[in-house]
Amino acid sequence: MRQHIVRLKECMAAVGRFINMPPIWRRRPVLHAIAPPAVKAVSSEHATEGRDAAEQEVQALETPAHETTQCRAVGNRPWPGWNMIELDGLEGDAHGAATLTLCTRRRTVEYSVSLRPGKTTKRIIWVPVGVRDITLSFSASTEALSAATVQWVWLTPWFAHNRLARRLINNHPDYKGLRTRKVIRQLHVASVAKGCWWRTVALADYDQTHAKQHINDDYARWIETTECETSCDAQQLIADLHYAPLFSLVMPVTFDDFQRGEKYFVATIDSLKAQSYFFWEVIIVLSADISDEQRRTLERYIPSSSRVSMIRSYHRTYAKLDHQGFIQTHGDGVMRISVGDQLAKEALSQLANAWNDYPDAQLFYGDEDVISSDGVRSKPSFKPDWNPDLLLSTNYIGRLALYKRRLLWQLEAEQADLLSHLTNRAAVDYALALTFLMWKSTHGTPSSVHHLPKMLYHRNALFSYELSQKDAVFLVGSVLKQHVASAQAVVHPGLTEHSVRIEWPIPNPAPLVSLLVPTRNGVDILRPCVDAILERTAYTHFELLILDNQSDCPETLAYMREVEQRDLRVRILHWDYPFNYSAINNFGAANAHGSIIGLVNNDIEPVNEHWLTEMVGQVCRSEIGCVGAKLYYPNGMLQHGGVILGLGDVAGHAHRFFPRESDGYTGRLKVVQNLSAVTAACLLLRRHVFNNVDGLNEKDLTVAYNDVDLCLKVREAGYRNLWTPFAELYHHESISRGADDTPTKRARWLSEVAYMRRVWGKQLDSDPAYNPNLTLVHEDFSLR
């Protein structure tokens, strides 16, 4: 009997070892492609945790220009059950998501696979029995796929379930903050309620974290689904209003507008007549060069209503036409609309609702897109909330700008001389927005402006009204010179066609900057970082504090002694405690001599010598808190374009893996802007600001998210955080510390995530520098 018990225990132990074993399976042989492929597989000799690697080659089937490229997988097929697909080697113009199609004799199964150029894409799939054909459809050219590889990795069920649950926790809003077991239990409960397999419910939610709607390619689909689903009952909204404001719309009409065609004028008038909100008036101002016959032609399309007035003017410039229309208005709020542009059907009702909900707001603005002559909408501009430094770089406010009438009188009076010389609508819009910005900085409050994250305005595709860079430089310079605090700033043309760059002055005497560089061993990382900073930094008034965390490598210690003797700006401070990024930097800040603290990773290398000059100029502004830089991976792909709250588990890097030369979404990779947070891999802030918020949290955030926490504390203290593209550096991300790939590190990371969720939960889910219509799963500004 005892022998049977021992044998049973041995069998149970063997089963337990199998169940809990790392899901490594023997590698299957790879078949050769049947023809030279446009996308070829690259053999890998590394056995990865949790998999049977069955590598495949994919052969291009068709490659229409600027359309989807379809490929067929050639070689060993994946084993039935849970698998990980790994897609690697994609080039820069691959975007959106690939569609993976598995065909059996009875059915076809499709999965969405997010594309990450320059990085390995991984996702879990369930492979049915009897797969006969496998295809991948990409939104990329054949050239972008020329080095791509596909690999299948077989997973044991427990490993697949765990990875799937972790993905849901990090990227699905319904599972934020939950533990793995809680997620799996919740999925089981949902499957019972729906009467289906657990796997069906799990994969449906998991697929949502991989599905990607590209901002341009999938906008039509977004309009049909998301926009329609979120539309409200306008009549009920109006009925619930406490006060129904009268809105005045001013529409100048020039001879050029008329020459483009009457249909555009009709389209604008029709969009006004279609408004569900009916307390509005429109003042149409005709230019002096429009004849009486042309006027009569336009009058035929105007409804016989007292809400529409047409007046003649003796002026021809847009600014004077606009002002003449403005003085004829009677509304509580005033906005402009151009010939050919259209309002969304519920635009005015949404503005009326916001008028009631935010009574202190003096300016309301919304999102906008472009509409063609046949009604096709494209190029959506989903804007952030109030962003002063972005407005100083480019007029992101756009065309839908509703001002309260009393304030508009004041703004126009202040800029009467400037406005009277402007001939372009875009210039008038930008001048008013800049004037409002300056008014708000001295008289306004945080509630003086409200952004409606809804698509309310459709710009005509043929009527550009774009502001030239020369005019933008002139306008920003003119407005800044009127304010003492910014009178010494120099305005230059920006990196994009319609943007500017402001060079903020360095105080005299120049402040001392203390650059804190934590490190442990790794001389091969530390040496190029320190030497590059010392050699390629034009701003020389800094000290570099190397914070040594128990280094025991003789070569590293020797280098630190050598560089300290070589350059008097270098000091070595020893931190003889276990690794704690927050505590190390707090220790460095306490021993720093500078009035500006710089948090710098030991794997940073400046691209050019003016990086610190730019950051010091920005951080010395009294209203600015943390200043972050533009960071690249060694291969030139973008690593950090600012931090967006809510991306993934807590926060993510904007535009990560974008090509270095990319403008980013609506040009935001090439303009200075306010962001909620920036990475401490390269971050500057004034010493007294750092001390006032008690520095970095060394108790709850020893490794991760301490920079996000710092930035949010600084923002809560009333400062604006800022990111600049004019300070560029390379970042060899987390080389010295390594990845969070052990149970201990994973537990620490989970506790830090839980802390951030507990303390900053509401802010993490509504980043004012982002837009709720954009995804919180991917870092590429794709659609939600």
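Colleague: Hi! Before I set anything up, what kind of model is this?

Modeller: Hi! The model is a predicted one.

Colleague: Okay, backbone first. Which peptide bond is cis?

Modeller: The one from N508 to P509 is cis, and its omega is near 5°. Most peptide bonds are trans.

Colleague: Where is P509 found?

Modeller: P509 sits in the loop between β19 (500–503) and β20 (513–519).

Colleague: And phi? What is the phi of Y705?

Modeller: Y705 is not a glycine, yet its phi is positive, about 65°. Most residues other than glycine have a negative phi. You will find Y705 in the loop between α21 (687–692) and α22 (706–716).

Colleague: Is Y705 buried or exposed?

Modeller: Y705 has 13% relative accessibility, so Y705 counts as buried, the cut-off being under 20%.

Colleague: What about F781, what is the phi there?

Modeller: F781 has a positive phi too, about 60°, and is not a glycine. F781 belongs to the segment after α23 (743–764). With a relative accessible area of 3%, F781 is buried.

Colleague: Let's switch to helix packing. How do α10 and α13 cross?

Modeller: Helix α10 (residues 318–326) and helix α13 (residues 405–414) have axes that come within 12 Å and cross at roughly 140°. That angle makes α10 oblique to α13. The crossing is left-handed.

Colleague: Which residues make the contact?

Modeller: From α10 there are D322, H323 and F326, and from α13 there are R405, L408, W409 and E412.

Colleague: How many of those are nonpolar, polar and charged?

Modeller: The contact of α10 with α13 has three nonpolar residues, one polar and three charged.

Colleague: Now the hydrophobic side of things. How many residues has the largest nonpolar core?

Modeller: The largest nonpolar core has 63 residues. F382, L599, Y705, V708 and M756 have the most contacts inside that core. So Y705 turns up again, the buried residue with the positive phi.

Colleague: Nice. Which element gives the largest share of this core?

Modeller: That is α23, with six residues.

Colleague: Pick L599 for me. What does L599 touch, beyond residues up to four places away in sequence?

Modeller: With those left out, L599 touches L516, Y581, N585, A680, A681, C682, L683, L696 and L710.

Colleague: Which residues are in the other core?

Modeller: Another core, of 47 residues, lies apart from the largest one; F326, L391, L418 and W504 are among its members. F326 is also one of the α10 residues in the contact with α13.

Colleague: Last topic, a couple of single residues. Where does L612 lie?

Modeller: L612 lies in helix α20 (residues 611–619), and L612 is buried, with a relative accessible area of 0%. Leaving aside neighbours within four places in sequence, L612 is in contact with V513, L515, T537, Y539, F542 and L684. The C-alpha atoms of L612 and A629 are separated by 9.4 Å, and the two residues are 17 residues apart along the chain.

Colleague: And S420, where is that found?

Modeller: S420 is in helix α14 (residues 416–420). S420 counts as partly exposed, at 28% relative accessibility.

Colleague: How many residues apart along the chain are S420 and A319?

Modeller: They are 101 residues apart along the chain, while the C-alpha atoms of S420 and A319 are separated by 5.8 Å.

Note on methods
Residues are numbered from 1 along each chain as its sequence is written. This is a predicted model: local features need pLDDT of at least 70, side-chain atom pairs count only at pLDDT 80 or more; totals for chains, interfaces and linings use all residues. Side-chain values use heavy atoms; hydrogens and water are left out. Helices (H or I, at least four residues) and strands (E, at least two) are DSSP runs, numbered from the N terminus. Buried means under 20% relative accessible area, exposed over 50%, partly exposed in between (1.4 Å probe, protein chains only). Axes are lines fitted to C-alpha atoms, for helices over the stretch in contact, and angles run from 0 to 180 degrees between N-to-C directions. Angles under 35 degrees count as roughly parallel, over 145 as roughly antiparallel, 65 to 115 as roughly perpendicular and the rest as oblique. A crossing is left-handed if the near helix is turned anticlockwise from the far one by less than a right angle, and right-handed if clockwise. Contact means heavy atoms within 4.5 Å. Ala, Val, Leu, Ile, Met, Phe, Trp, Tyr, Cys and Pro count as nonpolar, Asp, Glu, Lys and Arg as charged, and the others, Gly among them, as polar. A nonpolar core is a set of buried Ala, Val, Leu, Ile, Met, Phe, Trp, Tyr and Cys residues joined through side-chain atoms within 4.5 Å.
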